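User: I'm new to this one. Could you pick a single part and walk me through it closely?

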Amino acid sequence: MPKGFWTSAYIGAVVAINWLFVVVPMIPVLETMFPPVMLVVGFVFVFRDFAQREIGHWVVIAMLVASGISYFMSAPVVALASVTAFLISEAIDWAVYTFTRKPLSQRILLSSAVAVPKCRI
């Protein structure tokens, strides 16, 4: 992969997901409404882990860049809620990925498993 690929993919994925939350309508499921975009949110966390592997702790800057772009690409209220949830989840993902000393595949699985449920605060 070219240098910067995973970082670009990560930033693009965050922006795309936040934008999709605005444009893809929720669907009724049982007695509630479900955002179908939620089904692909987990990929962002895998991209983040690979981006951190690529650029180290500078991934925090990539998180902020993605959040800033997202704010201007979608409705401000939706973007703010989404960005807040992403930042909390991303911080959890970053901490688990960074401080566990497991092999890469286990760190990716563990950090995503812990962070993804927090994304829908």
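Analyst: Let's take helix α1, which has 19 residues and reaches 26 Å from its first C-alpha to its last. That is close to the 27 Å expected at 1.5 Å a residue, where the expected span is 1.5 Å times one less than the number of residues. Helices here are DSSP runs of H or I with at least four residues, numbered from the N terminus. Keep in mind that this is a predicted model, where local features need pLDDT of at least 70 and side-chain atom pairs count only at pLDDT 80 or more, while totals for chains, interfaces and linings use all residues. Residues are numbered from 1 along each chain as its sequence is written, and side-chain values use heavy atoms, leaving out hydrogens and water.

Now for the partner. Helix α1 (residues 5-23) packs against helix α2 (residues 42-55) at an angle of about 150°, and their axes, lines fitted to C-alpha atoms over the stretch in contact, are 8 Å apart. The angle runs between N-to-C directions on a scale from 0 to 180 degrees. The two helices are therefore roughly antiparallel (angles over 145 degrees).

Who touches whom? From α1 come F5, W6, T7, A9, Y10, A13, V14 and I17, and they meet V44, F47, R48, F50, A51, E54 and I55 of α2; contact means heavy atoms within 4.5 Å. By type, the residues of this contact divide into 12 nonpolar, 1 polar and 2 charged.

As for burial (under 20% relative accessible area, with a 1.4 Å probe and protein chains only), the buried residues in α1 are T7, A9, Y10, I11, A13, V14, V15, I17, N18 and F21.

Methods
Parallel < 35°, antiparallel > 145°, perpendicular 65-115°, else oblique. Nonpolar A, V, L, I, M, F, W, Y, C, P; charged D, E, K, R; others polar. Buried < 20%, exposed > 50% of the residue type's maximum accessible area, 1.4 Å probe, protein only.
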